[in-house]
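Here is a short note for a colleague opening this entry for the first time. Please read it with the structure in view.

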Amino acid sequence: MATTDHAKDELHRIRHSAAHVLAQAVRDRFKKDGQDGEVQFGIGPPIADGFYYDFVLPRSLNDDDLRWIEKRMKKIVSQRHTFEQSELSPEEAREMFADQPFKLELIDGILEGALDEDGEPLPEGQAPKLTVYRHADFADLCGGPHVEDTRQINPKALKVLSIAGAYWRGDEKRPMLQRVYATAFRTKEELDQHLWRLAEAERRDHRKLGKQLELFHLDPTAPGMPYWLPKGFKLLTTLIDFWREEHEKAGYQEISTPLVNARQLWDISGHWEHYQENMFICPVDEHRTYGVKPMNCPNAMVVFNLKTRSYRDLPLRLSDCDVLHRNERSGALHGLLRVQKFQQDDAHIFITPDMIEEEYARVLALTDHFYSIFGLTYTLRLGTRPEKFIGDVETWDRAEAALRRILDTKAGVGQYLVEDGDGAFYGPKVDILMEDALGRQWQMGTIQLDFQLPRRFNCRYVDSDGAEKTPVVVHRVIYGSLERFIGILIEHTAGAFPVWLSPVQATLVPIADRHVEYAEAVEARLKAARIRVEHPDAGSRMNARIRQATLEKVPFILVMGDTEVEGGTVAVRRRDSKKSVTLSVDDFIAGVQALVASRAAESTELSPAPAE
C-alpha cells in the first residue's frame, strides 16, 4: 500500500523525535560511566527509512552498547516527556552549547543564513532562526517538527540498527564521527516488514554474491575500478551482445572513440569548466594536458562533423559502449553501484527540432522493451535547468516544454516526478527510475535533450531549403552504467540470473568414474549447441558437486549414472527444486535454446516475508 503524505509527515515527526531520544540515550550511556561531558553531538536527521545521529565519543561503540541504548530509548519513550520548542538569541545559543564545537559551527552557519541545524543549505528566502527542542533533561539545536510527547513513539516499533563512521559534513578532511543508525515506525508490523527487507538486502548484497559467484573483484590498488572475472565478463558481454543486437534493429550505428583526449576537446564541450573536478587529468608536458573521457558526448560531435550532413541523414543514431572513467570521492564508492571505471550503453541521436517528440517516443519504446525483458518496472523523472548551465534561458525553456509534452503523453499529466535544477549543464533530462524486487528505487538510464553541444562544436546539416542548420542531440542510456545495472541485477535476482544471462547454464555431475566418458560426450554436444556448461572435478563426491552448483545458482544440474548412459539421457534438476526429470540430450538442448531465445525472466527467489 502506498504511503500517504499524512503518514509520511507523521513518520518524519516520529523519527525526528526519536533521533533526539537516541542522542539522549547515548549521552546517558556515557554518563553512567562518568564520561557524559566527553560526548560531542553532531547532527541527527530523519532519513528515508529511519534516522541517525553522529557523535564523537570517549571510545568506540560496540554491540553491547547498541543493546543498552535501544533498551534505554524504549524506557524514555514509554514515559511522557513533552517536546517543547524555544527560540534563542545568538548569545544564549552559544552559551548553551559552549562545550559542543559542532553545534557552535552550525549556529554560525545558521546565523550567516547558509545552513539549517542539520548542516543543509537553507531554502531560499528563509530567515535564519535559532531554536532548541527540550524533552526530559535533554535539549538539542533543532528546527523541528516533532511529536507532542515521547509516548507517540511506539517502543515496539523502535530499533537501533548499526554503527558506521562518517566524516563531519561529509568532508574527508574533517573529523571522523561515530554514526548510530536506527529506525522507527508506527507499528511493530511495519518494523517487522522493514527488518525483513533489510535481511533480504543483506542476503542479496551484490558485493557478497559477486565474490561467491566469482563475478568480479574490487582491489585496493584500483579503487572503484572492477576486475571482471571470467563468469562476470560473460555476463557483461551477454548484456552488451543483446544491446548491440536490439540497437542494430532500431537503426543505431556503433562507434568507438579515444579514451584520452586533449584539453581542447573538453574546453569546447564545456566539461573543462563544468566537470573538470570529476575527470582524471593527465599533464603530458608544459604545453599539453589530456583528460580521460568521463562521457562520450564530445567524441560523438567530432564523428558527426567528419562529413557534410543532409537532413536526409537524420536521425543519425550513433551508439557507443566505450569504457569511461570518472573521479569520484573514495567515500562515495560502493561495490558496482558507484565506481570510477564503467561502461554505459550510450547513444547520441542527431535530429531536426521537429523530430524531438517522435524520437523520444522511439527511445521510450526501446526502454519499455529492455526493462520488460528483465521483469523491471520503472517511473520517469524530469530534471530541469541547473544553477550552472550553458546556453540561453529561452532555448532551455523550449527544451523543457518539449519534454513536459512528451512525458504528459507517455506517463500522463502529473504522473511523473520533477526534480528542479537536476538537468545536465547542457540540457534538461528524463531519468529512468527502476524498482527492484524489494521495492527499492534506483536511477538507471537517462534521456537528455541538448541544444548546446552541437552549437559549441558547430555541427551543421543542410536542410531541405538548402540552408545550413544546427541539429538537436538526444543523449541517452537505457541500462545506464553496466556496472551499476549488473550490481542491481545481482540483488534483484539474488544472483539467480535467467538462463539466457547465466554465465554457466548447466553443470554436469557424473555419479561415478565410469560415467565420466559419457558426461564428456554430453558436454561436447552442449558446447556445440552454444550452451555454457561446466564439468567440475569428478574427484569430489556427487552430493558435494550438486551442493556447489546450487550455491553457484547454476540453472540446471545434469546428473548422469548407469540409467542415463544406457538411455542416452540426463537427469535434469533445476536450481530451485530438489526434484529431477529425465530428458534426452536433444530435448534438454532444445529446451535451453528456447529459454535463451525468449530471454524469459525467472523467479527472483524471495525469502518469505513476515505476515501482515
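The points below go from the basis of the model to its overall build and then its cores.

1. This is a predicted model: local features need pLDDT of at least 70, side-chain atom pairs count only at pLDDT 80 or more, and totals for chains, interfaces and linings use all residues. Residues are numbered from 1 along each chain as its sequence is written, and side-chain values use heavy atoms, leaving out hydrogens and water.

2. The protein chain has 18 helices and 30 strands. These are DSSP runs, with at least four residues (H or I) for a helix and at least two (E) for a strand, numbered from the N terminus. Its C-alpha atoms fill a box of roughly 85 × 75 × 55 Å along the principal axes.

3. Of the 612 residues in the protein chain, 50% are buried, meaning under 20% relative accessible area with a 1.4 Å probe, protein chains only.

4. Residues 24 or more positions apart account for 72% of them.

5. The largest nonpolar core has 83 residues. Such a core is a set of buried Ala, Val, Leu, Ile, Met, Phe, Trp, Tyr and Cys residues joined through side-chain atoms within 4.5 Å. Leu239, Ile356, Tyr360, Tyr371, Phe374, Leu449 and Tyr479 touch the most other members. Helix H11 (residues 356-373) gives the most to this core, with eight residues.

6. What does Ile356 touch, not counting residues up to four places away in sequence? The partners are Ile351, Ala402, Ile406, Leu449, Phe451 and Val472.

7. A second, separate core has 32 residues, including Val39, Tyr53, Ile153 and Ala184.

Terms used. Contact means heavy atoms within 4.5 Å.
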